Amino acid sequence: SLVKRLVVAASATSVVRGTAKSSIGTVRYVIIPVNVHGDDKLGLYVAAVNLDAVLADVAQSFQGFLFVALLALILIGLVAWFVAGRLLRPIRLLRDAAAANSATDLSARIPVTGNDDISELTVTINGMFERLEDSFASQRRLIDDVRHEVKTPITIVRGNLELLDSSDKADVDAVRSVALDELGRMSSMGSELSLLAETRTPDFVELAPVDVGD
């Protein structure tokens, strides 16, 4: 049947190319007319290739490539997931430490492993936590000291006023003197607190050369 089709498709004057379906598969063919000098008969030179057989090897190779590519993609994904997890672990620890720290407890620290950029960031964050903890501790001590310093003169003035004999001029003068002294002490403390706040400004201290002898 294939030969019959080739004879029908052939041309006496030109090369014919075509594709045919046969029992052996898809055939790609070329038909070339052949004339012998002195012979009036026409011959046909036919070259045919079984495309299914040729492409079967290509398809098999392609399937193998797909399998290897899929396997490689899965392995790369697993390695990337593992590496990303290792890289992002300090950031998760940083998030947990930041969530665990509060104004009453700043003792949480992040464990430092390795010597990469993430580790340096972890060291920096730990240093920031330490400075914050020291700052909050200093603030609490300052508040406790101020509370004590304010409470003491108020207690003294109140005690003297409660024991004051308003009919005794000397007692009134003494209590007045004590009250003025304690109020002056409170006013001085307020000025000192204001000065302490000013020490935090960048231009509070101006460095300049001095004569040590003077």
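Throughout this report, two residues are said to be in contact, or to touch, when they have heavy atoms within 4.5 Å of each other. The model is a predicted one, in which local features need pLDDT of at least 70 and side-chain atom pairs count only at pLDDT 80 or more, while totals for chains, interfaces and linings use all residues. Residues are numbered from 1 along each chain as its sequence is written, and side-chain values use heavy atoms, with hydrogens and water left out. Helices (H or I, at least four residues) and strands (E, at least two) are DSSP runs, numbered from the N terminus.

**The sheet**

Three strands make an open sheet in the order β1-β2-β3, and their pairing is antiparallel. Because β1 and β3 stand at the edges with a single partner strand each, one side of each of them is left without a neighbour in the sheet. On average, and with direction ignored, neighbouring strands of this sheet are turned by 30° against each other; such angles are taken between axes, which are lines fitted to C-alpha atoms, for helices over the stretch in contact, and they run from 0 to 180 degrees between N-to-C directions. Helix α2 packs on the sheet, where it touches β2 and β3, and its direction makes about 30° with that of β3.

Strands count as paired if DSSP finds at least two bridges between them, and the two pairs are set out here.

| Strand pair | Bridges | Sense | Residues standing opposite |
|---|---|---|---|
| β1 and β2 | seven | antiparallel | Ser22 and Gly25 |
| β2 and β3 | nine | antiparallel | Val30 and Ala47 |

A hairpin of two residues joins β1 to β2. The hairpin of β2 and β3 has six residues between the strands, and within this hairpin Gly38 takes a positive phi near 90°.

**Residues of strand β2**

If neighbours within four places in sequence are left aside, Gly25 is in contact with Ala20, Asn50 and Asp52, while Thr26 is in contact with Thr19, Ala20, Lys21, Val49, Asn50, Leu51 and Asp52.

**The nonpolar core**

A nonpolar core is a set of buried Ala, Val, Leu, Ile, Met, Phe, Trp, Tyr and Cys residues joined through side-chain atoms within 4.5 Å. The largest one here has five residues, namely Leu6, Val16, Ala20, Tyr29 and Ile31, and the elements giving two or more residues to this core are β1 (16-22) and β2.

**The helices**

The axes of helix α2 (residues 51-100) and helix α3 (residues 117-162) come within 10 Å and cross at roughly 10°. This angle makes α2 roughly parallel to α3, since angles under 35 degrees count as roughly parallel, over 145 as roughly antiparallel, 65 to 115 as roughly perpendicular and the rest as oblique. On the side of α2 the contact is made by Leu87, Pro90, Ile91, Leu94, Ala97 and Ala98, and on the side of α3 by Ile118, Thr122, Ile125 and Phe129.

Glu182 has its place in helix α4 (residues 169-198). Glu182 is buried, with a relative accessible area of 12%, and, not counting residues up to four places away in sequence, Glu182 touches Pro153, Ile156 and Val157. From C-alpha to C-alpha, Glu182 and Asp40 are 141 Å apart in space, and they are 142 residues apart in sequence.

Note on methods:
Buried < 20%, exposed > 50% of the residue type's maximum accessible area, 1.4 Å probe, protein only.
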